[in-house]
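User: I should like to learn how to read the main features of a protein model. Could we proceed from the whole chain to single residues?

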Amino acid sequence: MSVISDSDSSTWLKRFWWLLAAVFLVRVGVMLLFVNGADLAGDEAYYWDWGRRPDWCYYSKPPMIGWMMGVIGWLTGNAEWGIRFAALLLGTTTLIIIHRIALVLFDARTAFLTALLVLLTIANAGLNLLLTIDAPLLLCWTLSLLLFWLAAQKPTCNTRWLALALVIGIGTLSKQMMLAFPALMLVFAAVSREDRGLLRNPRMWAAIVLGMAFIIPVLKWNQEHAWITLEHTKHHFDGETRSFGKWIGRTLENVGLQALIYTPVTFVALVTALIVALKQRAKLTRPALFLLLASAPALACFAVLALRQRINPNWPAAFFVPAFVLAAAWMRGLLPKTANPGWERWSLRVGGVLVLIVHLLLVIVFATDLKSINKLASIRGWREAGIEAQKFLNQVPQRDKTFVMALGHRYHAAQMAFYMPSHPRLYRWEPSDTVQSQYEIWPGPEEHIGHDALILDPSTEGTLLQNAVFTEAFEKLEHRGDIRIPLGQETREFSVYLGRNLKSWKPVSPQ
């Protein structure tokens, strides 16, 4: 086992903080460029709209992302940069905690290598740029790993167990995946000889119960809304029959996506380190066993699931965190079988090149006319469309008695709500008359009987004038004009209608 001196430890700690400061400044620059050249992603605008109506749960997710968006909007005046900066702060804090885990479990040089391996991945670049539910989840998961280890080191310390319970609870309110963390605790306590006493420790059980108790208001909300979040989650696991060729293609796609976001050599190194640790599990130190149990079982389950269906790349992200620390320890010779020096060298080289290319592409694309390419159409043109929609709203006869409705995908309503300068409450029409988004859970246009509606229809064929749902609901429909925002080869388009005097509207009820 490699041992470094106190002076070397201080040197590696200084290097980490200098590296972190440099990366943070670069990412602030990239963030500002991204804000200037791109709009919010659809999910970001959708979650922002959640934040305007705080609740104990939402259609597809627990409430934390909505609460966060609400606070960010309040602090920054609903500014785009506020959402981007929050993602950067959460990602940076998560990296600091990952470094701390490796430092506590091994040494400063291993911690530096762990942080560097994580930094040089496309996944980490995305985590620091886009604010989704994975940002608070990874922060809570990583902090829970550290707190659980510290609590296991001093099992009579009530403060550590209480802090762990609180973080598990916050993580549970961030994403359903956090509910798996107590299982990780129990597996480690059962497998590690030195830690089996934890199974008899009431503090650990209290931490588990208290942490998981945070899910109670979420469950109560779901009970009142026909268990809609559970129904939505079940759809992620609906397998379908495929031919052998398509099955192979999908399986390779799952592996390829993971290899891409963690960069190819680093991904193979992570898998190899886990296999090495698994084969040498009888000889592993307690820290290495902790990392193995915190990653390998869950990643193996995802690998099996990937044989059945498509796996979103972010699903197993939390379980890759301890795998990064384990891989760094393997490269540093801290496992029973030492890695070839080439693993560290080529993981850093290839990861560094790919991350550099990604950031250079971001700079080039958003600083030039290349931002008009079709692939970026989904995150462009919303600001201009919102401004145009606001002009139509300002010209309606009864501004104080006119609500706004968007048709089509839920992102249409969310993006227009964010980018129309007045940030109006947006309603959405769901043709299936079933709950397909948060907009069908919230009260619909039925709360505006007698009012007019500005209707934004992404269809430009004039079909709304023949749609019985709208012709019967309103006294009259008027085509007020069109919104056309050029996006290179594509155009963001909406036909704008004014529905006069809403007579009736059928609410959507959960099935």
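Predicted model: local features only at pLDDT ≥ 70, side-chain atom pairs only at ≥ 80, totals over all residues.

User: Which figures describe burial and contacts across the chain?

Analyst: Burial is expressed as a share of residues: 53% of the 511 count as buried. For contacts, one looks at sequence separation. Among contacts between residues at least 6 apart in sequence, 74% join residues at least 24 apart.

User: How is a sheet to be read, and in what order do the strands lie here?

Analyst: The five strands form an open sheet with mixed pairing, in the order β2-β1-β3-β5-β4. Since β2 (426–428) and β4 (474–487) each have a single partner strand, they stand at the edges, and one side of each is left without a neighbour in the sheet. From one strand to the next, the twist averages 25°.

User: How many bridges join β4 to β5, and which helices pack on the sheet?

Analyst: Strands β4 and β5 (residues 490–502) run antiparallel and are joined by twelve bridges. Within β5, Arg-500 stands opposite Lys-476. Helix α19 (residues 382–394) packs on the sheet, where it touches β1 (402–406), β3 (452–457), β4 and β5, and its direction makes about 150° with that of β4. Helix α20 (residues 410–419) also packs on the sheet; its contacts are with β1, β2, β3 and β5, and its direction makes about 175° with that of β2.

User: How does one judge the span of a helix, for instance that of α4?

Analyst: The distance between the end C-alpha atoms is compared with the span expected at 1.5 Å a residue. The 26 residues of α4 (residues 80–105) should span 38 Å, and the end C-alpha atoms are 38 Å apart, which agrees. Helix α17 (residues 317–331) has 15 residues and reaches 21 Å, close to the 21 Å expected.

User: Are these helices mostly covered or uncovered?

Analyst: Both are described as mostly covered: in α4, 19 of its 26 residues are buried, while in α17 the count is 15 of 15. In general, an α-helix has 3.6 residues a turn, so residues three or four places apart point the same way. After α17 comes Gly-333, whose phi is positive, near 80°.

User: Why does Gln-258 count as buried, and which residues does it touch?

Analyst: Gln-258 lies in helix α13 (residues 244–261). Its relative accessible area is 8%, and it counts as buried because that value is under 20%. Leaving aside residues up to four places away in sequence, Gln-258 touches Phe-267, Asn-312, Pro-313, Pro-316 and Phe-320.

Conventions
Residues numbered from 1 in each chain as written. Heavy atoms only, no water. Helix = DSSP H or I, 4+ residues; strand = E, 2+ residues; numbered from the N terminus. Expected span 1.5 Å × (residues − 1). Buried < 20%, exposed > 50% of the residue type's maximum accessible area, 1.4 Å probe, protein only. Contact = heavy atoms within 4.5 Å. Pairing = 2+ DSSP bridges. Axes fitted to C-alpha atoms, helices over the stretch in contact; angles between N-to-C directions.
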